[in-house]
Each structure stands twice: as C-alpha cells, then as structure tokens.
Amino acid sequence: MLTEILSAVAGAVAGVLVTGALQAWRPRAESLLDGRPLAELENYPIKVGADGTIALDIPELIEACAYLLRHHEPRSAIDLLYLAERNAAVVHASPAALAAIDRVRRRYGRRYRRLVEPAQLRAQREHLLEQFGKLTNALGETFAGLPIEFVLHDTRDPLNSVYTIRNSITGRREGDPVSKFGEDVVRAYERHWRGAQVAYRLHDPAGGKVIKATTIPLEDKVLGLVAFLCINIDIARLGPQSPELPVMAERLVATPGGWGAQVFARPGPSTV
C-alpha cells in the first residue's frame with residue numbers, strides 16, 4: 001500500500017512539473033516530436049557487456065547517425081545529440097563520431113534549432129531533471145531513515161543515469177550508470193508497456209536483497225520519455241518479523257518540520 005500511495009503522489013506532482021518546467025528551450029508548437037525514441041533504433045549506441053557494464057558504442061553511434069541522415073526521425077536525433085553532449089569526452093576522442101554528430105546537428109538544426117544546440121541540450125537536462133530532482137529529494141526527506149530508496153534516472157543518458165538518489169539501499173550514487181535491467185526497461189518502454197509499473201519484486205544481486213519496486217515514467221510533451229522515478233523498498237527490513245520495525249515506525253511518523261501552522265505562518269509586520 002505504501003508504494004501505491006507514493007506512486008500516486010509522485011505521478012500527480014510530476015504531471016504538474018512536466019508541463020511548465022522547460023520554457024527556456026521549448027519550440028512554440030508543444031507537440032511530441034515525430035519518430036521513435038533513440039532506444040528503439042536497431043543501432044542504439046549503448047552496449048551492455050557480459051558483466052553488465054554499460055558503455056557508449058562508437059561504431060553503433062556512427063551507424064545511428066547515418067540512419068538519421070537517411071530517415072526523418074527527429075525524436076531519435078534529439079536523443080542522440082543529447083547523449084553525445086552528455087558524453088562529449090568519449091565522442092570527441094573519435095573524429096569520425098564527432099563529424100557524424102555534427103552532420104546530424106546541421107541537418108536537424110534547420111527545423112529544430114532550439115533543440116539541437118549544445119547549450120539548449122544542456123538546458124533540457126537542467127530544467128527538466130532539476131524539477132524532478134526536487135520531487136525526488138522531497139520524497140526522500142519525508143521518508144528519511146527508512147529503507148525506502150528514491151532514484152531519479154535520466155533515461156536518455158544511461159552512462160550517467162542516476163541523477164538523484166535518496167535513502168540508498170542499493171549502494172548506488174549520483175552519476176552511476178543504469179543497470180542492465182534498467183536499460184532493458186528503457187528499451188521496452190512504449191513498445192511493450194506504458195504508465196507506472198507498481199509493486200513488483202526485484203532481486204538486488206549486489207546485496208542479496210529482495211526489493212519491492214515501483215517505476216514511474218516521467219514524460220515531456222515534446223521529447224517523450226526523459227526520466228524514471230523509481231521507488232525501491234527493502235522488504236525484509238519492513239516485514240512483520242523485522243526487529244527494526246518499532247524504530248522504523250517511529251521514523252515514519254516523525255515530523256521534524258514542525259506544525260503546518262508554524263511552517264506556513266505569514267510573518268507579521270515588522271516592529272522597531
């Protein structure tokens with residue numbers, strides 16, 4: 001029940017944020033870009049190694065660029081330019097990849113100039129994920145001290161996927177890459193599922209935990225899927241037999257912010 005409540009609250013707040021957070025770079029017509037997201041292309045340039053390591057596949061990136069020059073897929077093109085901007089050091093190490101990215105930028109820049117310039121790509125991340133990060137941080141602070149992890153993933157940059165994480169139970173940190181499971185979820189989105197996936201089980205191979213998880217997709221009107229807000233609960237520590245349960249209950253009902261009347265009280269007129 002706790003996961004379902006958190007999912008509903010987070011989804012409602014995110015729906016409000018996504019409509020107004022990006023005025024700095026939005027085109028005048030606020031409609032979803034044509035074509036598929038980059039993750040659906042055959043030449044998706046993210047490689048998952050046998051050990052689960054995530055890497056940028058430069059040959060596939062060059063092939064993806066070639067495809068985008070032959071076909072009109074602006075949504076994939078913006079995703080690709082965003083990925084390249086976020087991982088510029090890797091791309092700049094390959095003159096062929098850099099030249100291919102530049103050709104894609106010039107082609108799509110004729111119509112989508114406000115979406116393809118490097119400064120505008122950085123603004124997308126700053127304005128969108130910063131707003132969603134506020135939501136993630138507030139939820140984390142509300143449930144501080146509990147084994148309930150809140151993770152905001154940048155779905156367009158798997159190599160630096162974890163944008164914000166609070167109450168970590170999986171040992172991940174901000175800037176960490178997505179897991180293989182997470183990458184599979186990104187690639188399957190829209191083709192096989194839509195909307196929040198609530199209260200499913202996962203096994204954390206690193207720590208051996210069984211986790212109750214919820215994944216909430218966060219979409220933009222123009223770009224489509226831009227982030228996942230994930231809620232992960234360590235079932236064992238909150239189970240009925242857990243020796244920590246009394247302590248957890250105390251933390252759950254704690255209100256360090258004080259009474260609402262105090263928090264939202266209007267300051268009175270100043271006196272000398």
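# Close-up views of a predicted model

**View 1. The hairpin of strand 5 and strand 6 in a predicted model.** Strand 5 (residues 197–203) and strand 6 (residues 210–220) run antiparallel and are joined by 5 bridges. Helices (H or I, at least four residues) and strands (E, at least two) are runs assigned by DSSP and numbered from the N terminus, and two strands count as paired if DSSP finds at least two bridges between them. Across this pair, Gln197 stands opposite Thr215 in strand 6, while Arg201 stands opposite Lys212 in strand 6. The hairpin has 6 residues between the strands, and Gly208 takes a positive phi near 75° there. Residues are numbered from 1 along each chain as its sequence is written. Because the model is predicted, local features need pLDDT of at least 70 and side-chain atom pairs count only at pLDDT 80 or more, whereas totals for chains, interfaces and linings use all residues; side-chain values use heavy atoms, with hydrogens and water left out.

View 2. Strands of a sheet pair through backbone hydrogen bonds, either parallel or antiparallel.

View 3. At 31% relative accessibility, Ala199 counts as partly exposed; buried means under 20% relative accessible area, exposed means over 50%, and partly exposed lies in between (1.4 Å probe, protein chains only). With 22% relative accessibility, Asn167 counts as partly exposed. The C-alpha atoms of Asn167 and Gly140 are separated by 6.3 Å, although these residues are 27 residues apart along the chain. Gly140 belongs to helix 6 and is buried, with a relative accessible area of 2%.

**View 4. The largest pocket and its lining of 30 residues.** This pocket holds about 610 Å³ of space, and the residues that lie nearest its centre are Arg172, Ser179, Phe181, Gly182 and Leu202. On a 1 Å grid over the protein atoms alone, a pocket is an open set of points with protein on both sides within 12 Å along at least five of seven lines, a cavity is a set of points where a 1.4 Å probe fits but cannot get out, and lining residues have an atom within 4 Å of a point. Grid points are joined across faces, edges and corners, and a volume is the space filled by probe spheres set on the points. Strand 3 (148–154), helix 7 (180–188), strand 5, strand 6 and strand 7 (224–234) each supply at least two residues of the lining, with the largest share, 6 residues, coming from helix 7. By class, the lining has 14 nonpolar, 9 polar and 7 charged residues, where Ala, Val, Leu, Ile, Met, Phe, Trp, Tyr, Cys and Pro count as nonpolar, Asp, Glu, Lys and Arg as charged, and the others, Gly among them, as polar.

**View 5. The 2 cavities of 30 Å³ or more.** The largest cavity has a volume of about 170 Å³ and is lined by 14 residues, of which Pro37, Ala39, Asp79, Thr155 and Val186 lie nearest its centre. Its lining divides into 9 nonpolar, 1 polar and 4 charged residues. The second largest cavity holds about 40 Å³ of space, and the residues that line it include Tyr82, Arg125, Asp154 and Val226. Helix 6 (residues 118–142) gives the largest share of this second lining, 4 residues.

**View 6. Helix 3 (residues 74–86), beside the largest cavity.** Helix 3 supplies 3 residues to the lining of the largest cavity, the largest share. The 13 residues of helix 3 reach 18 Å from the first C-alpha to the last, close to the 18 Å expected at 1.5 Å a residue, the expected span being 1.5 Å times one less than the number of residues. Helix 3 is mostly covered, since 11 of its 13 residues are buried, among them Ile78, Asp79 and Tyr82.
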